[in-house]
Amino acid sequence: MLKTRLFCTISIFLCALFSSRAQDWETLAVGYERIIFEGADLHEVNEALAAKAECYKRLGRYEDASATLLRIRMFALSPEERQAVLFQRELCYFLGGDFRQAAALVEEVEEESREILMLHALALAYAGSYDESEIYAARCISYDGESPYLQELLDLYASHPPIRRHGTAMALAFIPPLGHIYNAAPGEGVLSAGLNAAAAAFTVASLLGGYWISGIVGGGIALNYTFMGNQQRNSALVDINNNNSAVLFGESLREFFRKAL
C-alpha cells in the first residue's frame, strides 16, 4: 500500500513539475511528509524527502530544502545517489545565501559536469576563497577544450578584492583611527578617535583635579566602552567588508560565466 501511495504521489509531483500552470508545492510537500510520518520504509523515506526538498526549492524556500535534504539517510544511498544529494545540498545552500556551507561541500561533490564545476567556483567565490574558486572556474570554461576567455578569467581573479585580516585590524585598532582606515571606514575612525580622546581627557582632568574616584572609576568605564567598542567594531567591519567584497566579486564572476558559457 505504501509503495502504491508513493508511486501515485510521485506521479502527481512529476506531472506538476512539468505543468506550465502555477503549482501548489506546499500541498505536495505536506503529502511527502505524510508518507514519511506513516511509516514508509527507508528507501521510500529517502525518495519522499528528496521530492519534498524539490518542492521547497520550487517555492524558493532554500533553507527548508537544505534542512529536508539533511534528513536523508545517506548510508542507504548508492554512491551515485549520494553525490546527487550532496550536489543538491550545495546548490540549496548557495541559493539560500549560505555561501560558507555551500563552499564546505565542494570537496565532497565530484566534478562530474560543467554545471558542478561552475557551482563550485561560484560557491567558493561568494565565500571569499578566491584561489580555490579560480581553479574550478578555469576547469569549468575549459571543460570542452581550451577557452578563448581563459585570460579574461585570470585577469578577473588577479583583481579580486583584498582580504582583510582580523589580526591586522585588531592590532591597528589599538591606535584609533588606524583600524577603521584599514577597514575603509575613515569617518567612523575619526568619530572613534574623538570618543577615545574625550574619555582619556576626562580621566586625566579628573585625576589632575583631585577627583580620584570619578577619574579612576568613571574614566575607566568610559575608556572601556570607547576602546573596547573600537576593537569590537573593527572586528565586525572585517567580516562585513570581506563578505560584501566577496558577494560583489561573485556577481562579477556570474556575469563572466553568462558571457563565456
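Tutor: Start with the whole chain. Of the 261 residues of the protein, 40% count as buried. Keep in mind that this is a predicted model.

Student: OK. How many helices and strands are there in the protein?
Tutor: The protein has 13 helices and zero strands. Read from the N terminus, the elements run α-α-α-α-α-α-α-α-α-α-α-α-α.

Student: What about contacts between residues at least 6 apart in sequence: what share join residues at least 24 apart?
Tutor: That share is 57%.

Student: Let's zoom in. Which residues of helix α4 are buried?
Tutor: Helix α4 covers residues 62–70, and its buried residues are A65, S66, T68 and L69. They span an arc of only 165° around the axis, so they sit on the same side of α4.

Student: Why would residues a few places apart point the same way?
Tutor: An α-helix has 3.6 residues a turn, so residues three or four places apart point the same way.

Student: And what do the buried residues of α4 pack against?
Tutor: They pack against α3 (42–59) and α5 (79–95). Take S66, which is found in helix α4. S66 counts as buried, at 5% relative accessibility. Not counting residues up to four places away in sequence, S66 touches C92 and Y93.

Student: New topic. At what angle do α8 and α9 pack?
Tutor: Helix α8 (residues 130–141) and helix α9 (residues 150–158) pack at about 170°, and their axes are 10 Å apart. That angle makes α8 roughly antiparallel to α9.

Student: Which residues make the contact?
Tutor: From α8 come Y130, S133, E134, A137, A138 and I141. From α9 come L150, L153, L154 and Y157. By class, the contact of α8 with α9 has eight nonpolar, one polar and one charged residues.

Student: I see rings in there. How many aromatic pairs does the count come to?
Tutor: The count comes to seven aromatic pairs. One of them is Y130 with F249, an edge-to-face pair. Their centres are 5.0 Å apart, with 75° between the planes.

Student: Where do Y130 and F249 sit in the chain?
Tutor: Y130 is in helix α8 and F249 is in helix α13, 119 residues apart, so this pair links distant parts of the chain.

Student: Are Y130 and F249 buried or exposed?
Tutor: Both Y130 and F249 are buried. F249 also forms an edge-to-face pair with Y157, at 5.1 Å centre to centre and 65° between the planes. That pair links distant parts of the chain too: Y157 is in helix α9 and F249 in helix α13, 92 residues apart. Y157 is buried, as is F249.

Student: Which residues form an aromatic cluster with F94?
Tutor: F99 and Y126 do; F94, F99 and Y126 form one aromatic cluster.

Student: Back to α13. Is A246 buried or exposed?
Tutor: A246 lies in helix α13, which covers residues 212–260. A246 is buried, with a relative accessible area of 1%.

Student: What is A246 in contact with?
Tutor: Leave aside its neighbours within four places in sequence. A246 is then in contact with A125, Y126, A127, G128 and Y130.

Student: How far is A246 from P161, C-alpha to C-alpha?
Tutor: Their C-alpha atoms are separated by 7.3 Å, and the two residues are 85 residues apart along the chain.

Student: And Q231, buried or exposed?
Tutor: Q231 also lies in helix α13. Q231 is buried, with a relative accessible area of 6%. Not counting residues up to four places away in sequence, Q231 touches M170, A173 and F174.

Student: Now the loops. Where is P177?
Tutor: P177 is in the loop between α10 (166–172) and α11 (178–182). A cis peptide bond joins P176 and P177, with omega about 10°.

Student: What about A184: what is its phi near?
Tutor: Phi of A184 is near 60°, a positive value in a residue other than glycine. A184 sits in the loop between α11 and α12 (186–208).

Student: Is A184 buried or exposed?
Tutor: A184 counts as exposed, at 53% relative accessibility. The cut-off for exposed is over 50%.

Note on methods: Residues numbered from 1 in each chain as written. Predicted model: local features only at pLDDT ≥ 70, side-chain atom pairs only at ≥ 80, totals over all residues. Heavy atoms only, no water. Axes fitted to C-alpha atoms, helices over the stretch in contact; angles between N-to-C directions. Helix = DSSP H or I, 4+ residues; strand = E, 2+ residues; numbered from the N terminus. Parallel < 35°, antiparallel > 145°, perpendicular 65-115°, else oblique. Contact = heavy atoms within 4.5 Å. Nonpolar A, V, L, I, M, F, W, Y, C, P; charged D, E, K, R; others polar. Buried < 20%, exposed > 50% of the residue type's maximum accessible area, 1.4 Å probe, protein only. Arc of directions from axis to C-beta. Phe/Tyr/Trp six-rings, centres within 6.5 Å; stacked < 30°, edge-to-face > 60°.
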